[in-house]
Structures are given as C-alpha cells and as structure tokens.
Amino acid sequence: KYNDLDNKDYYLVNDLTKDFACNVNIKIIDLTGKVLNENTEEFCFVAAGSEQLMLTDNSKKWLNQNAIIQFSWNDANGNAISRDYVNKVSDYTIAAASDVSLQIEAIDEVNKTAVLRITNKRFVRNFWVSSDQFGVNFDSNFLNFLPGEHLIKISFEELVKVEDLKMKWM
C-alpha cells in the first residue's frame, strides 16, 4: 500500500476461511545480488484477513539505496511463494542487450514443454519474454532478475526457437 511515494506498507493477505500460520522471510538485496538484511516473521491468521509485514529498523536503514525487498513463505498447501518489490531511490545502469542471454532447454516435444534459461550480468527489472509464434505460453513474466541464471517454463503448440522469442526489460 502506498501511503505516499516514499512511504509504503506491505501486507500478507489470507483469503482462506480456515486458520493459517506461516513464517515470512524478508530480505533486502542490493541490485548486485548481495543480501543486506534478512529476518523472519511468524504470522497466525484466524480465518481470512491481512497482516502488515513490518520491516525492522535494521531493514529500513538499507532503503536509502536501490534494492529489492523480497518476501517469501509457504502457502497453506506447502507451495513456496515469493514476491519482490523494487526500492528505486536513484537511477541505475539498465542492462544492455549484451548483458542478457536466453537459451531453450529441457525440450519435451511429446508434452510440448520446455524451459527458458535467462542469464543476466546486471539487474533486470520487469523482464518480459514474448513470442510472435501462436500457442507459446509462459508460466511467469514481468519478473525482477538479480544477476545470475533464471528459469521460465513454457508450453507450445509448435516447437519454438530462440529467434522466435523477444526479451524486454526496464
């Protein structure tokens, strides 16, 4: 929730009708991938509702620089969930096309699935991959990528080639 441009609150929302408990891991990470601060909060929901995720004073001291605020937890079924938010306080060097590469791996032509491996040397904000080829579906998009390797699962009607894919980011 934006209170104003420099004052944001973060909430974990539970829409289950049953009680739910989880631990939320909160990380502050600089744009090179260095973890600046990490802590864990425990939440116990009684039916549906929301709880504010509080950044510790130690976490807040890192928010005077560009960073990622990352929240991760397991849902009621045990599935790992992660959400991250860009804390942009100044301009940063946007990754050039030469800083980002894409490969197609784990091609399964029977089930019509594959995995995209994206490698980036610099921080990539709101990474978006698309295809002009009809029938290509991506399991996720508009992601923030710290430097490293990242995987996106795809499905396709006809085998897609790297040259059929387009990458964009901020």
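Mentor: Let us begin with Arg122, which counts as partly exposed at 37% relative accessibility; on this scale, buried means under 20% relative accessible area, exposed means over 50%, and partly exposed lies in between, with a 1.4 Å probe and protein chains only. Please keep in mind that this is a predicted model: local features need pLDDT of at least 70, side-chain atom pairs count only at pLDDT 80 or more, and totals for chains, interfaces and linings use all residues. Residues are numbered from 1 along each chain as its sequence is written, and side-chain values use heavy atoms, leaving out hydrogens and water.

The partner of Arg122 is Asp99: the two form a salt bridge whose closest N and O atoms are 3.6 Å apart. The term asks for a side-chain nitrogen of Lys or Arg within 4 Å of a carboxyl oxygen of Asp or Glu. This pair links distant parts of the chain, since Arg122 is in the loop between β10 and β11 and Asp99 is in the loop between β8 and β9, 23 residues apart. The numbering of such elements follows DSSP runs from the N terminus: helices are H or I with at least four residues, and strands are E with at least two.

In one of them, the rings of Tyr92 and Phe123 have centres 5.6 Å apart and planes at 65°, so the pair is edge-to-face. This pair, too, links distant parts of the chain: Tyr92 sits in the loop between β8 (80–87) and β9 (100–108), Phe123 in the loop between β10 (113–120) and β11 (124–131), and 31 residues separate them. To count as a pair, rings of Phe, Tyr and Trp (its six-membered ring) need centres within 6.5 Å; planes under 30 degrees apart are stacked, over 60 edge-to-face, and the rest tilted. Tyr92 is buried at 18% relative accessible area, and Phe123 is buried as well, at 3%.

Trp128 and Phe142 give a second pair to look at: their ring centres are 5.6 Å apart and their planes lie at 15°, so this one is stacked. Trp128 belongs to strand β11 and Phe142 to the loop between β12 (137–138) and β13 (143–145), so the pair ties together parts that are 14 residues apart in sequence. Here Trp128 is partly exposed at 31%, while Phe142 is exposed at 52%. Elsewhere, Phe127, Phe145 and Trp169 form one aromatic cluster.

Back to the charged side chains: the structure holds 5 salt bridges, and the one between Arg122 and Asp99 is among them. Another brings together Asp91 and Lys88, at 3.3 Å from N to O. Asp91 is exposed at 69% relative accessibility, and Lys88 is partly exposed at 41%.

A further salt bridge joins the side chains of Arg117 and Glu149, at 2.8 Å from N to O. Arg117 is partly exposed, at 21% relative accessible area, and Glu149 is exposed, at 52%. Glu105 joins in as well: Glu105, Arg117 and Glu149 are linked in a network of salt bridges.

Finally, follow β8 back to its neighbour. Strands β7 and β8 run antiparallel and are joined by 8 bridges; two strands pair if DSSP finds at least two bridges between them. Asn74 stands opposite Ala80 in β8, and the hairpin formed by β7 and β8 has 5 residues between the strands, with Gly78 in the turn showing a positive phi of about 85°. Strand β7 (residues 67–74) is largely enclosed by the rest of the structure, because 6 of its 8 residues are buried. It also pairs with strand β4 (residues 20–30), in the antiparallel sense and over 6 bridges.
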